[in-house]
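Please keep the structure open while reading.

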Amino acid sequence: MNLHKVFNSGVRGVGGIRAVSDVTFTLQRRSVVAIVGESGSGKSTVARLIAGLLPPTSGQIWLDGQRVPQRMAFHQKRQHRKNVQMIFQDPFSALNPYYTVRYHLERSLRNLVQVPKAEIKARASEALESVGLTPASDYLDKRPHELSGGQRQRLVAAQALIVEPKVILADEPTSMLDVSIRIGILNLMKRLKDENELSFVFITHDLASARYISDYILVMYAGRVIEYGKTDDVIDEPTHPYTRMLLAAVPDPKRLRGERNERIPLVGEPPNLSQLPSGCHFHPRCPYAMPECREVMPVDHMLTPDHKVACHLVKSQEAAANV
Ligand SMILES: Nc1ncnc2c1ncn2[C@@H]1O[C@H](COP(=O)(O)OP(=O)(O)OP(=O)(O)O)[C@@H](O)[C@H]1O
């Protein structure tokens, strides 16, 4: 809630890098929230904050009604890592080429959970089977280079699952995979979520994958949430001009939604996070910017109980409609 992260720019006279500003969202059990936005919008930083890999500058994270301490002692970190697992873009970098599949799985388990020795082997096989690497005996003694890209990402998913987390943060988990393999990994995540009472945060540039897998979409711009809502609502009724620009940049937007909304081309560059524009950070790129947008930061406007947008335009359009 109200998460902020400012990195030190390391340059004298230059302000901090405001990577994440005032980000709040709820991740319900067995649901997937996709975080979308251009490169540098703060998606991975949000994931790293939730994972406890970075301390927030301010704000809190709550898990199952309990506040996660900002600075964690060793045992708290261990518990948090067990509860919140992270899967990265490049499965190869998460795996040690010298060790077998069995070693990777057993190490995850030993590091984070107290499991009787006799159970460890069975849990490793079970985890492999649950991610579709069957029969497990064919894979346990392989090394990462003997697996395909899709199989490596499945192994990384098994490593996360084996500790029975509550949340998996998947940071661009399919972006390095062939298109033909992506759908298999997305389907796997869907199945795992349903079978294991898991929640996913899915970070992606790819709105088609976001639509396919997520229940909610959170759109970030320059570290802020500019639109959040149920996936179908955000894709079918994108309201913030930036969300509409992102959708217009999809090669085949008809695949994602109808053509009801006017298409706005994605122009310009994201701002420098050390010198953010005044008012709405998006105003220099917004074709609809009004004087107010240059001066006042928009607050969240609830379009429905599940769909919110931070844009002055919405407020002024509603006011005009009510005249
Ligand atoms: N450790 C760090 N120190 C300084 N700046 C950082 C650090 N980590 C991230 N940043 C900056 O924070 C901003 C947000 O980065 P982040 O990786 O969260 O964006 P992103 O939306 O995930 O981008 P991408 O899609 O390219 O991964 C960027 O300007 C980045 O350079």
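**Notes on a predicted model**

1. Strand β9 (residues 216–221) and β10 run antiparallel and are joined by six bridges. One of these pairings can be located by residue: M220 has V225 in β10 as its bridge partner. The model is a predicted one.

2. What do β9 and β10 form, and how many residues lie between them? The two strands form a hairpin, with two residues between them. A222 sits in the turn and has a positive phi of about 50 degrees.

3. β10 also pairs with strand β12 (residues 307–309), again in the antiparallel sense, over two bridges. Here the bridge partner of Y228 is K308 in β12. β10 therefore has pairings with β9 and with β12, and its own span is residues 224–230. Six of the seven residues of β10 are buried, and the strand is mostly covered. In a regular strand the side chains alternate between the two faces of the sheet.

4. Which residues surround the ligand? The shell consists of F7, I17, A19, G37, S39, G40, S41, G42, K43, S44, T45 and L273. Sorted by class, four of these residues are nonpolar, seven are polar and one is charged.

5. Two elements, β2 (17–23) and α1 (43–51), each supply at least two residues of that shell. The most comes from α1, which gives three residues.

6. Is α1 largely enclosed or open? Eight of its nine residues are buried, so α1 is largely enclosed by the rest of the structure. The buried residues are K43, S44, T45, V46, A47, L49, I50 and A51. K43, S44 and T45 are also listed among the residues that surround the ligand. An α-helix has 3.6 residues a turn, so residues three or four places apart point the same way. After α1 comes G52, whose phi is positive, near 80 degrees.

7. A136 lies in the loop between α4 (117–130) and α5 (149–161). Why does A136 count as buried? A136 has 21 C-beta neighbours inside 10 Å, and the cut-off for a buried residue is 20 or more. Leaving out residues up to four places away in sequence, A136 touches S125, L128 and E129. P165 is 29 residues from A136 along the chain, and the C-alpha atoms of A136 and P165 are separated by 21 Å.

8. The secondary structure of the whole protein chain comes to 11 helices and 12 strands. The radius of gyration of the chain is 21 Å, close to the 20 Å that the globule rule gives for 323 residues, so the chain is as compact as a globular protein of that length. The C-alpha trace spans about 70 × 45 × 35 Å along its principal axes.

9. Of the 323 residues of the protein chain, 39% count as buried. Among contacts in the chain with a separation of 6 or more, 61% are between residues 24 or more positions apart.

10. A word on confidence. The mean pLDDT of the protein chain is 90, and 95% of its residues reach 70 or more. For the complex, the predictor gives an ipTM of 0.98 and a pTM of 0.94.

Notes
Residues are numbered from 1 along each chain as its sequence is written. Helices (H or I, at least four residues) and strands (E, at least two) are DSSP runs, numbered from the N terminus. A residue is buried if 20 or more other C-beta atoms lie within 10 Å of its own, exposed if 12 or fewer, and partly exposed in between; C-beta atoms are placed from the backbone. Two residues are in contact if their C-beta atoms, placed from the backbone, lie within 7 Å. A residue is near a molecule or strand if its C-beta atom, placed from the backbone, lies within 6 Å of it. Ala, Val, Leu, Ile, Met, Phe, Trp, Tyr, Cys and Pro count as nonpolar, Asp, Glu, Lys and Arg as charged, and the others, Gly among them, as polar. pLDDT is the predictor's confidence in each residue, from 0 to 100. The radius of gyration is taken over C-alpha atoms; the globule rule is 2.2 Å times the number of residues to the power 0.38. Two strands pair if DSSP finds at least two bridges between them.
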